[in-house]
Each structure stands twice: as C-alpha cells, then as structure tokens.
Amino acid sequence: MDWGFILSQTLTQAIAPIAIVYCLAAIGLNVHFGYTGLLNFGQAAFLAMGAYGLAVSVTRFNLPWWLGIIVGLVLTVILALLLGIPTLRLRADYLAIVTIAAAEIVRLFARSVTFRETLGGSDGINGFSTSFFSSLNPFNRQQPYTFGPIHFANGDVLFMFLIGWALIAIASLVVWLAMRSPWGRVIKGIREDEDAVRSLGKNVYSYKMQALVFGGVLGCLGGFVFALANASVQPDNYASDLTYFAWLIMILGGAARVGGPILGAMIFWGLLTLVVETLKNATASAIIPESILRTDQVGQIQFMLVGLGLMLLMIFRPQGILGDKKELALDARR
Amino acid sequence: MRRRVIALLLGVLGLVALTLGAGAAPAQAASGASVAGVLVNDGAPVPNVAITVSATGFTQTVKSGPDGVWKVELPKSGSYKVSLDETTLPPGVVLSDPSKNNLSVLAFGGLPATVQFRFGSGTVATESFLDKFLQLFANGILFGLVIALAGVGLSLIYGTTGLTNFAHGELITLGALTTYFFDVVLEWNFFASVVLSLLCCAVLGYVQDKILWKPLRRRGTGLIAMLVVSIGLGVFLRYVFLFIFGGGTRQFRSFNGQEGIAIGPVDVTAKNLIGAAVAVLLLCITAWWLMKTRLGKASRAVSDNPALASSSGIDVERVINVVWILGATLAAFSGILLAMSQGANWAMGFSILLLVFAGATLGGFGTAFGALVGSLVVGIIIELSTLFIPPELKNVGALVVLIVILLIRPQGILGRRERVG
C-alpha cells in the first residue's frame, strides 16, 4: 500500500478541476433546491449546454472562445426557459420528472449518429480548448507543477484550477448577495410557502423562473470548466450520474448555505478518492483477493457509496454539515 | 430506526447477492445491438449466402441459414455497413438492384436492426406504408404493455403513499435478472423461473416497504425527502446489479431467437404474443382487484384521502403494503417481458423508467387505469415515431410528448384537475 500516493491523490482531487465542476453544479442546484425548493434532477443538461455550446461554436463555426462562452450561456438560458414554462406552475415532482427527461433528451441528441456532424456522436468533440489556453494561460503548458502534496499534471490544469476557484468565489459571492436581497427573501419565501408569497401579490411563477435560469447559468459555468479541463466534451459525461453526484454534494455540505456546495464538493471528492484509491491499491497489491473485488469493479463500489450516501444523508441528516434544519424545513413541505 | 434501515440495506444486498451470486459468469461484452435479416427470393428462402457486417475495427461474416435467416451480434451501437457476397448466391438468384448491395444500417440495443436484400429481376416489392404502420403499431402495443405493467404499480404506489418512486426501474431489472439466474444459471424450467422471480420481487416489494418506507412514513419524512431517498436507493441497487451481473446484455436460455409468425401483414414471435397475453391477464386481474375486492376498494379509498380512509376503519398501512407487493410483482413481469425481446442487462429498468413516468403522467399520475392507457399510448407513439424520425431518437420523441402533455393537460388523460398544481 502506497499511502503517500493515496493521500496526495486525495488532497489533489479534493481541490482539482473535477471538484470545481461539481461544486459549480451544486451551487446552481443550491439556488434551485436549497433556496427556491425546485426539484431539478437535470442539472447535467445545463452543464452540457455550456460545454457543447463552447465546443460546437469553436470547432464547427470557428468562433473565438469567448463567443463560444456566450453561446453556451445563451443556450443555458433558453433551456431553463423551455423547462420552466411547462413545469413551474405544476406540483414539485413534475419538475423532477421533466428535468430528468430533458437531461436524457440532451444526452441522446448529443450522442446520436444523426447529428454526428455537429455534435460529434458518442466520441464527443476535441480540440476547442487550444485557442483558450494559448491566448490566456501564463503557465508553461507542458510542465507539471507540484506544490507540496498537491500535484498538477501541467500548466493548463493549474490555470484551470485557479480560474475555477475564482469562478466559485464569484458565484458564491453573487449567491450570497442575491439571497440576502429582497429578491432572495421572496425566493426563500416561495420555498417555505408558495401560497403565502402569492397572497402577498408576488408573481411566484416569474420568481421561480428567474431562480431556474440563475441556477442553470451557475451550472453552465461548471460545464465550461469541465469541457476546458478535459479539453474534450463527451456526451456520457453528462449523464444523470453527474446530477446525482451534485445532489449528494449539495446535501452533504448543507443545502441553503453558501458554503455548503464548496465544503460538500471538497469532502465528497476527497473521501471518494480516498476510498477508490485505497481499494485500487488493495486490489492491485492483492490485499483484497480478486475473487472478492476486481480492480475494474472499484468504480462500481464508488457509485454504490454515492447512492447509499444520498439515502442515508437524506434520512438521518437532511441538513448536511453546515445546514440549519429549521431553515430547510424539508419535512414540512409537500 | 437506524438499525432497521441498515438491516434493510444489508437485507437487500444479501437478497440480490443470493439470487444473482452465481450469475456472475464471465461477462461477454455484448451491447444488445444486433443486425439481422431474412433472404427470400420469390417466397423461397435463400440459404448459404455470405453476408458481411463491418464498421471501423469490426468485421464479421455469417452465412444465411436453411431458412434464409442471418443475424450478427454487434459489439456496440452505431452505424454498420452490410454487404452480400454475390458470388455465394445460388444460380438463378440475383439482386434486383446490384447497386443496393452495400447497405448501411443503424443498430441499437433492443430489437435487431433489419436489413433486406431484394432478389429477382427488377420487380422490387417494397413494404407498403400501411404494412409498416401496422407492424410498428403491433410492436407499440407490446412495448406499451411492458411500460403499463411497470406504470400501474408506480401509479398505485404514488396514489397510496405520495411517493414518486425513482427506484421502480430497479424492480423491473430485478425481475429480468432473477429470471436469468433461475433460467440460465440454474437451468431450471423457464416457466418455473418466471414464477419464482415474480415471487422474489413480491418479497422484495414487501420487505422494501416494511423496512424502509414504512419507518420513513412513520417518522414523518417529507415526500420530497423520500423522493431523493428513492433516487439514492435506485443508484445503489443499479450498481449492485452491475457489480454482480456485469455489464453485458444476456439472453434467456429458452425461446431465444424465435421465428416470427405472420398474422396478416404483422410479424410477431410466439413468445411475445404469449407474453402480451399474460401481461393483459395480469392487468385484468389488477383491475378486478381494484374494482371488486375489499382490499382493492380500500386502496382506492386510500388514494383519494388517506386520513378519511383511516378514520373509516381501513388499515392504511396494510393497504400500502399490499400495493407495494403488487407493484413490485407487476414491475418484475414487465422486466421479464422486456428481457425476452431484448435481453437482460443491469440498467434496463432505469433506461425505460422515464418512459414509465411518461406513461403514468400521460394517463394521470396516481390513477391505475390512467397509467394503463397512458403507457399504451406512449408505447405506440414511440414505435410509430420511427416512421418519421431516426430510431435512435425514438425515446426522445416520447419524452418530448411528455413535456408537451404537461403543458396542455397536466392532470393527464384520466386524472382529475385538482390533483395538480
């Protein structure tokens, strides 16, 4: 067992671009679910909009990267509006079904053979990140960077890491400011009692729509980071698993808390890496015999833990680490 | 409470491991996608003709059987080229249009993609639009029944408990996988396997309600929290299935690759016909149970108003428990039916769960009969949509229909207006 490697991996993954992606997705979900009470189970679709918007406009239409970012943001807003119009007037669980369906539609389209020319089919799209990194990245793009136990494979990863955490800081600040504004009080009021807010003369439908768009855009930022950090987009990266991970992160950290998604993402990826790397190491060095667990099955254990974690957290500690059970009165709502 | 939940998790894990443990035979990496066809010249089968199916990194040549049938299992979904070796054709048989030798085909999991080569001199008998329509309509009814079996249970559970059960797909998968275990691994009689598998799932439905959902209800856990719990349970069970069963798609031992029977222009296999008949029978029994028996009537009363039902002397918890058993059994049969036509795999339930939701929502969530009607409509829409859109996007069509219905008639076909919004 190489504990040094395992611990270094754990620390690196807890703050690596992948954690940033899920953190941004969870910040968006936090606006949807934590503050507004919207059951969005299609967060992956918003990330896909950002990632594909950027990748397609750069590779297929030869647009500069910043225009690709704008295209991604516009697509996200359009998707949020499309999702919101039929569902936000209905009972909460309809939004859950429709968002999960919409995310699946987006993924099926992205990986379809029919649209292979534009969307890249199941192989996805590569080669759109070069212009972004070569025009902006101040670090050496080939050289690995190591700071103590934390290791970045090259300058691009380090650069993405810095941009990602800056995005998280900005997103959190915006969410914090928004939620303590009068707008945020209405939003939280909708979460607690929609009818009461409506009786005060507020247009609940419009507020919910704004929240859906707002959270979607935050998730879309995660999509940009995901696409750029991997230097590719692949449709199956945007499957419903991404959404479930983001949910777990939000609930783990504490819904309706600005710091919740950040803490949740770091702990989640740290713990997950620790478990996965330990198991991998143990199977590779035959401490766990192959008849019980093969190395390629470790990934499946990871998903089981996510499912189990989501269940147990929701049953025993729905407020997560930072949350306030009184503020997030999950039990009182139907 | 805490101990019971942990006991449940261990119990579920144990049950699954027990029923499938030996099922972890070396996984053959099959995708469930296949391409097939029948070579017929003027009504007579054309045997021993070499057919090559190829794509980048994949080439396989097969010969048509004595009945003219050929089939190739594919490693993954995608676009394939199919060509026929004209030198292997028997004397006197030629392709009606030699330029139509290199055909390309899109293959996906599910029913095999079919490729037809036309023989003879110039007279090409194409399938008429009506024939195609009728064939797809029949497929649609069959698929609709698969969805309906799951949808009725989902809807009943929703009606009586308010739970939107995202782990319902895993009951579907479990039905198929337990049948696979009894039929293929233990090599028991197929019909006994089906009955045993239904029993297993009924027990799981009972156990799941007793040790997970009932304590949660008693504790006053909110419906949204329970919805999230069901999603977690679904993810957990799905990967337990993957862990034990492996990633491949596998066929049952019995009735594999059965020949179709022509009923007018419609081609159906006997197994699908009998499966559909049993499905209809099960649905009729459910309907009879709901309308005529005391417990069924009680379950409808609980759906209407649990508090009132409880105060008029109905044992609500017992009704809910029976509904869980019924829902799990119906879902299991749905899985068996689905696996008979497209093979069993670890994610099959999850992959049709959204369509089940679409069916249940279309009919009116919480109404058993609505779910039945809605599911049939969804099944038929999905199959018929392939007349106009590429088959790989047919599920997209159904999901779009779901969203449109929510816009126009959110309470569904048979739902009541005040239930929603």
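What share of the contacts in chain B between residues at least 6 apart in sequence join residues at least 24 apart? The share is 75%. The model shown in these views is predicted.

**View 1. Chain B and its two domains.** Chain B is divided into domain 1 and domain 2. Domain 1 takes in residues 11-15 and 133-419. Domain 2 covers residues 34-108. The C-alpha centres of these domains of chain B are 37 Å apart. In secondary structure, chain B has 12 helices and 11 strands. Chain B has 421 residues, and 47% of them count as buried.

**View 2. The side of chain B that touches chain A.** Here 42 residues of chain B are in contact with 40 residues of chain A. Several elements of chain B each supply at least two residues to this side: α1 (2-20), β7 (78-84), α5 (223-245), α10 (348-363) and α12 (394-408). Which element gives the most? Helix α5(B) does, with 15 residues. By class, this side of chain B has 31 nonpolar residues, 10 polar ones and one charged.

**View 3. Helix α6 of chain B and what it packs against.** Helix α6(B) runs over residues 270-292. It has 23 residues. From first C-alpha to last, α6(B) reaches 32 Å, close to the 33 Å expected at 1.5 Å a residue. Which residues of α6(B) are buried? They are N272(B), G275(B), A279(B), L282(B), L283(B) and T286(B). These buried residues pack against four elements of chain B: α2 (129-161), β11 (266-269), α9 (316-342) and α11 (368-385).

**View 4. Where helices α6 and α7 of chain B cross.** Helix α7(B) spans residues 294-304. The axes of α6(B) and α7(B) come within 5 Å and cross at roughly 75 degrees. An angle of 65 to 115 degrees counts as roughly perpendicular, so α6(B) and α7(B) are roughly perpendicular to each other. On the α6(B) side, the contact is made by W289(B), L290(B), M291(B) and K292(B). On the α7(B) side, G296(B), S299(B) and R300(B) take part. By class, this contact has three nonpolar, two polar and two charged residues.

**View 5. Helix α1 of chain A and its cover.** Helix α1(A) runs over residues 3-15 and has 13 residues. Its reach from first C-alpha to last is 19 Å, close to the 18 Å expected at 1.5 Å a residue. The buried residues of α1(A) are Q9(A), T10(A), T12(A), Q13(A) and A14(A). What covers them includes α2 (17-35), β3 (150-152) and α13 (260-284) of chain A.

**View 6. A positive phi in a loop of chain A.** Most residues other than glycine have a negative phi. A256(A) is not a glycine, yet its phi is positive, about 65 degrees. A256(A) lies in the loop between α12 (240-253) and α13 of chain A. Is A256(A) buried or exposed? A256(A) counts as buried because it has 23 C-beta neighbours inside 10 Å, and the cut-off for buried is 20 or more.

**View 7. A positive phi in a loop of chain B.** E187(B) is a residue other than glycine with a positive phi, near 55 degrees. Where is E187(B) found? E187(B) is in the loop between α3 (168-185) and α4 (190-218) of chain B. E187(B) has 10 other C-beta atoms within 10 Å, so E187(B) is exposed. The cut-off for exposed is 12 or fewer.

Note on methods: Residues are numbered from 1 along each chain as its sequence is written. Chains are lettered from A and ligands numbered from 1 in the order in which they are written. This is a predicted model: local features need pLDDT of at least 70, side-chain atom pairs count only at pLDDT 80 or more; totals for chains, interfaces and linings use all residues. Domain bounds come from an automatic or database domain assignment. Axes are lines fitted to C-alpha atoms, for helices over the stretch in contact, and angles run from 0 to 180 degrees between N-to-C directions. Angles under 35 degrees count as roughly parallel, over 145 as roughly antiparallel, 65 to 115 as roughly perpendicular and the rest as oblique. Two residues are in contact if their C-beta atoms, placed from the backbone, lie within 7 Å. Ala, Val, Leu, Ile, Met, Phe, Trp, Tyr, Cys and Pro count as nonpolar, Asp, Glu, Lys and Arg as charged, and the others, Gly among them, as polar. The expected span of a helix is 1.5 Å times one less than its number of residues.
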